[in-house]
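Visitor: Could you show me how to read some features of a structure, one at a time?
Guide: Gladly, let's look at it together.

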Amino acid sequence: MLQQYEPTQIARWLEEKLLENFGTDPQTATPKQIYKAVCYVLRDIMSELWLVNHNIADSHRNKQVYYLSMEFLPGPSLKNNAFNLHLEDAFRQALASIGQDFARITAMEPDAGLGNGGLGRLASCYLDAIAAKGMAGHGMSICYEYGIFRQKIEDGEQTELPDEWLNMGDVWLITKEDQTEEVHFGGKLEEIWDANGRLRLIHKDYTTVLAVPRDMLITGYDSDVVNTLRLWQAKSPITIDMKLFAEGKYLQSMEEKHMAEVISKILYPEDAHTEGKLLRMKQQYFFIAASMKSLVKRHMMKYGTLDNFSDKVAVHINDTHPTMAIPELMRIFMDEYGYEWDQAWDIVRQTVSYTNHTVMPEALEKWPESLFKETLPRLHSIVSEINRRQSVDLMKTYPDNEALRRDMAVINNGELRMANLCVEASHTVNGVSSLHSGIIRDQLFAGFSAIHPEKFTNVTNGIAYRRWLCQANPELSELIVSLIGPGFKKDAMELERLMAFTEDRGVFTRLEQIKRRNKERLADYIKEHNNIMVDPDSIFDVQVKRLHEYKRQLLNLLHIIHLYAEIKRDPGADIQPRTFIFAAKAAAGYYMAKQIIKLAYHLAQVINNDSQVNGRIKIVFLENYSVSLSELIMPAAEISEQISLAGKEASGTGNMKLMINGAVTLGTEDGANVEIHRAVGDENIFIFGLRVEDVERIRREGSYSPFRLCQTDGDVNEVVQFLSQGVNGQYFSNILNALTTGYNGCADPYFVLGDFGAYRDAQARAAAAYRDRDRWNRMSLINIAKAGIFSADRAVQEYADRIWHIEPLK
Ligand code: 26V
């Protein structure tokens, strides 16, 4: 049972915090001071729980998982923490008693945006679920001073503004200076023979950077287990060098300091393109070295030996970015604790597991060997040895297949391939949906899975559904409570009981009313931010996710052009009114992605202001997609656009958030859409387009010709012609070229035109279904009812049982 507090008690603590931190009182405090005081009070309550449980974890000697990730995307925490600890009402009343409004205060919180998209948000969803399950599991990452950029769109052009989240967001961070670790870069290796006649490698002349932990406490719903997300901040050990100063070399010494601290300055805003940049490499080693040091230290303090390391510690590698944990653990075991290679390797292999999140070749990390060697000489010597041993083994397994051996090699052609290293060293490798796990097992890592089929598994992604259902859509959540009781808040599978209401028109009506109010709320936001009036009676058709060619926002836009052309042909056409809502950040250097944003913008200018359209189609591009914006959008959505080219989207998680809010998926058989399809059945989803096998066959045959498509399909030809005439006076020749003639000799690599016809038809089916209100509401209800399997609680339980082998603390 979670302890509850009287509002009067909370109000007293608030007053204390205001006095102690700002020398003020509730009457004179600024809103920002009130906000901070509220967070401090809640943080103290969380700290107490943390202390109790970590004493328990230590005395019970439970196994703990460390989830390593370059990205976490917690979004706002205040409301979430209060909700998890059942303290929302108490805080609301306490604030009211000093004349403040809880909703206004929570709205002030900046998003902690320490991630790009799906990968980072998933990591945060899992920390939430681990705590909710009462397990001990901790995140490890970097305390970026600047998170994902703030997106501004001016005249269709995206600009990136710095995200200074720490200004208000640091209220959740507890700095633990005394647990600072040293991280060493560069330098050289020297061989010496120790007293026992063993050859030892000594790392000398390195540069030191300090890693200061800033811990964020993580709560889980209805759970007294509070865990930590440890974020490392880089600090230079150089203070002010008085000697250099006296010599007039002040600037030089400050420059060195700056170079060290730049490591944790900013999150890399690309999420699908590796560039082998030195700073990125340093970021990775920085947080890995600090994390491994701190967890080995903790383990040694508790057990006095590392022999039982893998019984007590699970290390999870979230995509390849934390791969350096593998050689770093080897280094610690061998260089600092005297283990032999084989022993160290056994422990590492029993400790480490890896999740792959993408098969896009340009996103698979590779490091130039020369850069790696120069920056991390000791790690390089270890990875070289892993590679040497691997190649000896591969010679035995695949003596006649040189191409395959080359494919699987950890080092090849002067490059370190991090995915291969992960697979080589992990006890378990998984993908994030059943389709994707099949692709990595049978294609990407086929050589490995033939030798070790038992290594490969699937854990379909899941979401912290309480955030998007209970917190973001309270009316829907209350309706569900009134129908099936509150049990679904702890066990998402209970949502299935909503299937008892699939013929209940009273329920349909209430569902529709709630959706309508959420749409009005979003419409108000759109009016305020985009100055566009949208009709809450139109279908809210939503595509919100990072901007990537493979996700095919362009396909959506081409279909809108098609609808527009229909209206222009026949202004009286009976068209189901639609509001197409987009939100997406493009990586700063991703030209095509930015062109697609620009196209959306100019298309909106034309269509939204065309009197012949008369409001039947509206396009809205919402700026600065983020966790908090998604909490506003998901509850208002009716169609969930999940239209990636089959085989490209590893899972998707927005699809799950939209589904649980009653949106119906319009999508390809890709990622988790396949499992959504299976869950709701053909009747309650709009599936279209090429499947993975089709794409593979067409590629094999080399038979795809967008040019021919333009000649044979009048609608395809029409939209291409439309584009070629320019939109709002802007020309999009690069988009047109990519679609029709192609770059790198490959036209339309994501089959946008190839899937156009099927997409247009699926859109027409969706529009027809929407007209039948009972049918639509039933579909919506069934989607909610079947969303339970996509909960992060389920996913984390699978990781705990099959991969990490951890249990709840009590
Ligand atoms: C790659 C790179 C390359 C270097 C620059 C920084 C950076 C950051 C991230 C990545 C890989 C991104 C992979 C990713 O985000 N995958 C997404 O993972 C989601 C959670 O599993 C999944 O739902 C999405 O389908 C998948 O695209």
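Guide: Let's start with a cut-off: a residue is called buried when its relative accessible area is under 20%, and exposed when that is over 50%. Please keep in mind that this is a predicted model.

Visitor: Thanks! Is Lys 17 buried or exposed, then?
Guide: Its relative accessible area is 12%, so Lys 17 is buried. You will find Lys 17 in helix H1, which covers residues 7–22.

Visitor: Which residues does Lys 17 touch, leaving out those up to four places away in sequence?
Guide: With those set aside, Lys 17 touches Phe 22, Ala 37, Tyr 40, Val 41 and Asp 44.

Visitor: Next, how should I read a pair of packed helices?
Guide: Two numbers describe such a pair: the angle between the axes and the distance between the axes. Take helix H12 (residues 325–336) and helix H13 (residues 341–351), which pack at an angle of about 135 degrees with their axes 9 Å apart. That angle makes H12 oblique to H13, and the crossing is right-handed.

Visitor: Which residues of H12 and H13 meet?
Guide: On the H12 side they are Ile 326, Leu 329, Met 330, Phe 333 and Met 334, and these meet Trp 341, Ala 344, Trp 345, Ile 347 and Val 348 in H13. By class, the contact has 10 nonpolar residues, no polar and no charged.

Visitor: At what angle do H23 and H24 cross?
Guide: The axes of helix H23 (residues 553–569) and helix H24 (residues 591–608) cross at roughly 20 degrees and come within 10 Å. Angles under 35 degrees count as roughly parallel, and H23 and H24 are therefore roughly parallel to each other. Their crossing is left-handed.

Visitor: And what does the contact of H23 with H24 consist of?
Guide: Gln 553, Leu 554, Leu 557, Ile 560, Ile 561 and Tyr 564 in H23 meet Ile 596, Leu 599, Ala 600, Leu 603, Val 606 and Ile 607 in H24. Those residues divide into 11 nonpolar, 1 polar and no charged.

Visitor: Where is Asn 413?
Guide: Asn 413 is in the loop between strand S16 (411–412) and strand S17 (415–417). Asn 413 also has a positive phi, about 55 degrees, without being a glycine. At 71% relative accessibility, Asn 413 counts as exposed.

Visitor: Which residues are buried in H32 and H33?
Guide: In H32 they include Phe 756, Tyr 759, Arg 760 and Tyr 770. In H33, Trp 776, Met 779 and Leu 781 are among them.

Visitor: Lastly, how far apart in space are Met 242 and Leu 404?
Guide: They are 58 Å apart, C-alpha to C-alpha, and 162 residues apart in sequence. Met 242 is in helix H8 (residues 242–246) and counts as exposed at 54% relative accessibility.

Methods
Residues are numbered from 1 along each chain as its sequence is written. This is a predicted model: local features need pLDDT of at least 70, side-chain atom pairs count only at pLDDT 80 or more; totals for chains, interfaces and linings use all residues. Side-chain values use heavy atoms; hydrogens and water are left out. Axes are lines fitted to C-alpha atoms, for helices over the stretch in contact, and angles run from 0 to 180 degrees between N-to-C directions. Helices (H or I, at least four residues) and strands (E, at least two) are DSSP runs, numbered from the N terminus. Angles under 35 degrees count as roughly parallel, over 145 as roughly antiparallel, 65 to 115 as roughly perpendicular and the rest as oblique. A crossing is left-handed if the near helix is turned anticlockwise from the far one by less than a right angle, and right-handed if clockwise. Contact means heavy atoms within 4.5 Å. Ala, Val, Leu, Ile, Met, Phe, Trp, Tyr, Cys and Pro count as nonpolar, Asp, Glu, Lys and Arg as charged, and the others, Gly among them, as polar. Buried means under 20% relative accessible area, exposed over 50%, partly exposed in between (1.4 Å probe, protein chains only).
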